[in-house]
Structures are given as structure tokens and as C-alpha cells.
Amino acid sequence: MLCWARGFVLPVAACQENESGRLYAKLFQDLDRNGDGKVDIKELQEGLQRMGIPLGREAEEKIFRVGDTNCDDRLDFEEFTKYLKDHEKKMKLAFKSLDKNNDGQIEASEVVQALNTLGIDISERQAKKILQSIDVDGTMTVDWNEWRQHFFLNPAENIEQIVYFWKHSGIDIGDSISIPDEFTEEERKSGQWWRQLLAGGIAGAVSRTSTAPLDRMKVMMQVHGSKSNKMSIVGGFKQMVKEGGIQSLWRGNGVNVMKIAPESAIKFWAYEKYKKLLTSEGAKIGLVERFVSGSMAGATAQTFIYPMEVLKTRLAVGKTGQYSGMFDCAKKILKYEGMGAFFKGYIPNFLGIIPYAGIDLAVYELLKNNWLEHFAEDSVNPGVLVLLACGTLSSTCGQLASYPLSLIRTRMQAQAMVEDAPQLNMIDLFKKIVTKEGIFGLYRGILPNFMKVLPAVSISYVVYEKMKQNLGIAPK
């Protein structure tokens, strides 16, 4: 991060207006490679790369979002200078807020204290590693000049922005009970939060549609698989194509996609409400509050959209011609089974939220702390690949823990469609599966479920990034 300082040596007097002006001009000139008096995103990225300070796409895009006041996707010298001046003022305020004892130095203990207020517990050793990425003179403390140099072109304005690198982004892998995203105050004020939710919703729709055949295979194995009826993945696909054609592989996907919007909106609204109830005014949300708020928000959203979950399962398990569509399925369920059928399996679904969300969050925090402990040398920004890997692994662990409840939920939703099948409650169904099929019977269909994780994450991320560009969250 500080390599650029060796090429642009920041003089002691740079804090003065005229020296700052010269510094801004020299920096702008180096970035403006074609000499047209404006810097576009490509010139900024290439310039930062030459200086040895690639900030990463998110940070570079943020500079443009904030600095490009006339929205022409380029920064002229006036915009560039105004951005740097405003940013320097914010850096000064951030430095003072961290320097608790007002000695002009930020120490490891102050970093630990600052992160604790954000609900993140780190060791003194981890705090020192954070300081190492900023410290120039090797004193293991950071003064104003070092802080200023480190964040001069980095849009992060305070220690909370470092934590923002570790925002547990809700990449859609087809599950509905993960803890919602956190949004910064800036994202709320600028309206970016709803654009990000929309981008995530569209990415989830594309991802779910792309992996729908594997999802239907999982449901079929959950409902029909048994010791006497061993269903392989290849055999299952052949059977589905033979029964209903290629298009039958996407049966139930329409409902699965349709429920994304109401579920995301309710979950986001409920999460904000629960956070306010569990934290005092102005306090930062901690890990426990985040888990409880997220779990309750997930349960609230699931309660509202659960009938759509039942419809999705019934359509996926249904035979060709049994239902003409979602509304026909809903009418037949209501006519022959009553309103209560729309909430079959609700209790195991509700109970599954706690192990999923808890283990997902715990594993993510464990992986994050492990990365900070062993790999955070020059930067505390892990990069997109590390974040995706941590998020995928933690979600997979959450699925593994909650899968038996997911299977029981699916069987309860579909019991009425299986010939001669008794209508069992959650406990009786659990006993029946374990007695007849053993513990492994609770994990039928888990292989296609895991097979869809990697493509789902990859597709969701690519589409999400593209949608961010199209919605104006990120420059094209």
C-alpha cells in the first residue's frame, strides 16, 4: 500500500495547502496517461497498479462513485482534487476517533478496542498485523502521517471499512435461510442498498434457474429415495426426462425464482427491525445480536413465503399433467387438503434456521480469523476469491448441519402425493426414516445438493457483478 510513497515522496509540508496542491497535480498527471485532462476508471486502475497499490475493484469503483460529481464516468482535475481534500478530512476524523488516549499514535490495543465495538473479537497479535500494513517506521504504532499515506488513495475512511472487507455477502446458492447482508451507512443514504438487493435477486434467479435440474433431483431423491428404491443421479435424470421431457428438469423453478423478491424484502425489513430491538441506540451490532436478528429475520420471511415453498416441492415432485401451473397447484391443494396443507413441514423448516445460520456464521468467523492470523501480511483485504471460498464453505457446513430437517420438511410437504403414505408428523417421520434407512437416510439427495453449490456460487457472483454495473452501482 505504501510503495507509492517511495515514488511520490510525501514531504512533511504536504499538509500545507500549496504542497497538497502540488501533490494532487503530480498524482493526477501520472494517472492521466493520455493527457486529455481527465482520468477514467481504466487509467485509475492501471496507474494504481504501476504505483504498487492495487486497491481492488470495489475500492477503485468507490473513488469514482464519490468523486465523479457530473456523472460522466471520468474525473477531471477539479473533481479529483475535491475528492482528495474531502477524503483527507474524513481520514483525520477517523484517526482521531481511533486515537483514544490522544497521544497522536494508534496502538494495537486501540485497534482491538475499536473492533470489539463492532462485534469482532481479535487478538493483540492480529491487531499488530493490521498495524503492520500501515506502519512505515517499524514502531508498531501508526501516527497521522502513516495513516494519511496509507489511506490517501484508499476510499476506506475508518476501521469499520476494514471490517467491511469481511462483509458476509449473501451469494445465492439456492437456500433461503442465510443471514441477510449488512449495509453501511453510506449505502443506505445513497440508495445503493436496494440496487444491491435487486442485483442479488436477479443473480439468484439466474443461478437458481441454471442449477434447477440438480435442485429437482435433490427433491426427488429426498421424497422417493429409500433402501428399496435406490435412485442414482444419472438414473434419476433419465427417469425425469423419460417421464416429462427435458423441460421437466425445471419443474418448480418458476416458484423458486418468484419467491426471491418477497423473501429478500421481508428478510431485509425484519432484520433491520430486530437489530434495533436488540441493540441500544447508536451501538454497533455484535456477533450474537447479528445471529439472533438474522435467524429471526429468516424465520419471519419464511413464515410469509412458506406456502410458495410447498408449491415448489409439489410441482417438482408432480407428474406430467398433474398440475397446469402454480395457480392450478394451489387451487387443488386448497380444495382437497385445506389451508393447513400450505404449512406442512413448517416446524422442521423453522428449526432448521438455527443450526444453518449459527454454523454458517460461526464457520465464516473461524475462517476469517484464521486468514487474518496466518495470511494477512501486507493487507487485511482478503480479496474476492478468499471471500467466495469462505462464504461457500461456511454455507455448505450450515447445509450439512440442517439437512436432516430440510429432508423431513420436504417429505412432509410431499406426503399427500405419495401413494399409500401415512401422514406423519415430524417426530414420527424422523423415527421411521432412521428405523428403516438408518442415519444416512436423513441425507438422501445431499450429493446433487452439494454438486450445485460451486456452479451456483460462480454464476451468482458473475451475474451479480454484471448487474451492479447495469444498475449504476459500479462503473462499466
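**Close-up views of a predicted model**

**Overview. Helices and strands of the protein.** The protein contains 22 helices and 4 strands. The model is predicted. Of its 476 residues, 52% are buried. Contacts between residues at least 6 apart in sequence join, in 70% of cases, residues at least 24 apart.

**View 1. Helix H20 and its ends.** Helix H20 runs over residues 426–437. At 1.5 Å a residue, its 12 residues should span 16 Å, and the C-alpha atoms at its ends are 16 Å apart, so the two values agree. After H20 comes Gly-438, with a positive phi near 80 degrees.

**View 2. The buried side of H20.** Met-426, Leu-429, Ile-433 and Glu-437 are the buried residues of H20. These residues lie on the same side of H20, because the arc they cover around the axis is only 65 degrees. An α-helix has 3.6 residues a turn, so residues three or four places apart point the same way. The cover over the buried residues of H20 includes helix H18 (346–374) and helix H19 (384–414).

**View 3. Crossing of helices H16 and H19.** The axis of helix H16 (residues 287–317) comes within 9 Å of that of H19, and the two cross at roughly 75 degrees. H16 is therefore roughly perpendicular to H19, since angles of 65 to 115 degrees count as such. On the H16 side, the residues in contact are Tyr-306, Glu-309, Val-310, Thr-313, Arg-314 and Val-317. They meet Arg-409, Thr-410, Gln-413 and Ala-414 in H19. H19 also belongs to what covers the buried residues of H20.

**View 4. The loop between H4 and E2.** This loop lies between helix H4 (57–67) and strand E2 (74–76) and contains Cys-71. Asp-73 is placed in the loop between H4 and E2 as well. Cys-71 has a phi near 55 degrees, a positive value in a residue other than glycine. Asp-73 is also a residue other than glycine with a positive phi, here near 65 degrees. Most residues other than glycine have a negative phi. Cys-71 has a relative accessible area of 63% and is therefore exposed, the cut-off for exposed being over 50%.

How values were computed
Residues are numbered from 1 along each chain as its sequence is written. This is a predicted model: local features need pLDDT of at least 70, side-chain atom pairs count only at pLDDT 80 or more; totals for chains, interfaces and linings use all residues. Side-chain values use heavy atoms; hydrogens and water are left out. The expected span of a helix is 1.5 Å times one less than its number of residues. Buried means under 20% relative accessible area, exposed over 50%, partly exposed in between (1.4 Å probe, protein chains only). The arc is that of the directions from the helix axis to the C-beta atoms. Contact means heavy atoms within 4.5 Å. Axes are lines fitted to C-alpha atoms, for helices over the stretch in contact, and angles run from 0 to 180 degrees between N-to-C directions. Angles under 35 degrees count as roughly parallel, over 145 as roughly antiparallel, 65 to 115 as roughly perpendicular and the rest as oblique.
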